[in-house]
Amino acid sequence: MTPACLLDLAKFRQNCQRMKDVADSEKMTLRPHVKTLKSLQAAEYYAPASGPITVSTLAEAATFASAGYTDILYAVGLSPNKFGQLAAIQSLAPNFTVIADSQAAVNALVDYASELELPLSVMLEVDVDDHRAGLLPESPELVACARALSAAANIHFRGIMTHAGASYDCDTKAAQQAMGQQECERIAKAATNLLQAGVTCELVSAGSTPTALADIEHTGINELRAGVYATFDCVMAGLGVCETTDIALSVLTSVIGHQGDKNWVIVDAGWMALSRDQGTASQQQDCGYGLVCDEHGKLLDGWYVSATNQEHGIISHRDNLTPPESVFGYGRLLRILPIHACATAAQYSKYHVIGDDGNITAIWSRVNGW
Ligand SMILES: Cc1ncc(COP(=O)(O)O)c(C=O)c1O
């Protein structure tokens, strides 16, 4: 049935090993972010149940806690309307940890923790790149928040974390290295400031795929968090962090029609199957809604999904070539490499896992929702 989400097991394993090698070589704990695949079966390969993980939703936290994961970092600021879900996750995962990045959030967590049976683990988020959330490393508020958490009766202050999301705009190796260095230096600075104020950080955690793989010494951090590396995608390939041949996720689609005068091929993968993400639009090569491969995953040079409707995708060639019937005939199968793997995978409830022989060897499930 098409569209379907395929996961190439060999590529996936190789990608997982690449990040593990970086963490091992620098003796850092790897806390993989499971947000891309959100799959227990996939996590067995890169985040075994005894190891730490990062999640992006409480739905993931609950699922992974039920499966035996005990050290789970929920790396999104927690809204008060989710406090009621904490106790159940904590009871399964004693090191379940939430984050805060303001005095208001800290005060609310301190208040709520007094009602909890188990101590609540909390980390503070630090802003290292002016990209999204977090307290500045030098800010007095960071010290005040850390002191308040350390002094609170039923809170375990675990340390600080950051994510240099600005690295997604770094399109050269040098820029990624500079951003990786900035990420480490800024969070290390925050840890030093806290230490001088009398607060110790057990965890100093940082990471994004481009900065983790930037070929630098990650000095000053003891934990590396990255996620999309497990599958990679066209955005990462566009940054040069991986090759397109490393991309482990793809969407299997069927040719359902043509517009001969426009050299268009119509497929049954629209934005519902691919997502609307156009993350390569600002890169040197705009891959539209995905790069096109034959049914075995071989990249078809110059062919890309140039437009999408809800259930229709339009494939064209960069030089407006006529689509050969042998590849693009009615009913032919194609694979589309995702622009942003996290967004594309989110359109599915399961993955068809492709083994070494090119056949589907397993179906892996995925946790959706919040
Ligand atoms: C807080 C946090 N940590 C880690 C990551 C992992 O980043 P990447 O997917 O680039 O490895 C993300 C990505 O969104 C994140 O938001």
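Which element gives the most to the lining of the second largest pocket? I will come back to that after a word on the model, which is predicted, so that local features need pLDDT of at least 70 and side-chain atom pairs count only at pLDDT 80 or more, while totals for chains, interfaces and linings use all residues. Residues are numbered from 1 along each chain as its sequence is written, and side-chain values use heavy atoms, with hydrogens and water left out.

The answer is α1, with 6 residues, where helices (H or I, at least four residues) and strands (E, at least two) are DSSP runs numbered from the N terminus. A pocket here is an open set of points on a 1 Å grid over the protein atoms alone, with protein on both sides within 12 Å along at least five of seven lines, and its lining residues have an atom within 4 Å of a point. The second largest pocket has a volume of about 280 Å³, a volume being the space filled by probe spheres set on the points, which are joined across faces, edges and corners. Its lining has 18 residues, and K20, L30, Y45, Y46 and P48 lie nearest the centre. Two or more residues each come from α1 (9-25), β2 (29-30) and α2 (40-46). By class, that lining divides into 11 nonpolar, 4 polar and 3 charged residues, with Ala, Val, Leu, Ile, Met, Phe, Trp, Tyr, Cys and Pro counted as nonpolar, Asp, Glu, Lys and Arg as charged, and the others, Gly among them, as polar.

Turning to the largest pocket, its volume is about 780 Å³, and of the 34 residues that line it, K35, H163, Y168, M236 and H340 lie nearest its centre. Helix α9 (residues 234-239) supplies the largest share of this lining, 4 residues, and at least three residues are drawn from each of domain 1 (10-230) and domain 2 (244-365), with bounds from an automatic or database domain assignment. The classes here are 11 nonpolar, 15 polar and 8 charged.

Next, the ligand. It is surrounded by 14 residues, the closest being R132, Y168, T209, R225 and G227, where near means a heavy atom within 4 Å. For polar contacts, pairs of N or O atoms within 3.5 Å, the side chain of Y168 places an N or O atom 2.5 Å from a ligand oxygen, and a polar side-chain atom of R225 lies 2.9 Å from a ligand nitrogen. From G227 a backbone N or O atom lies 2.6 Å from an oxygen atom of the ligand. The ligand taken alone exposes 390 Å², of which the protein buries 93%, with areas from the Shrake-Rupley method and a 1.4 Å probe.

The volume of the largest cavity is about 50 Å³, and its lining includes E125, D127, D129, R132 and H163.

Finally, two backbone details. Most residues other than glycine have a negative phi, and most peptide bonds are trans. The bond from T2 to P3 is cis, with omega near -5°, and P3 sits in the segment before β1 (4-8). K27, in the loop between α1 and β2, has a positive phi, near 55°.

Definitions and conventions
1 Å grid on protein atoms, 1.4 Å probe; cavity = no way out; pocket = protein on both sides within 12 Å on 5 of 7 lines; lining within 4 Å. Polar contact = N/O pair within 3.5 Å; in protein donor to acceptor, adjacent residues only side chain to side chain.
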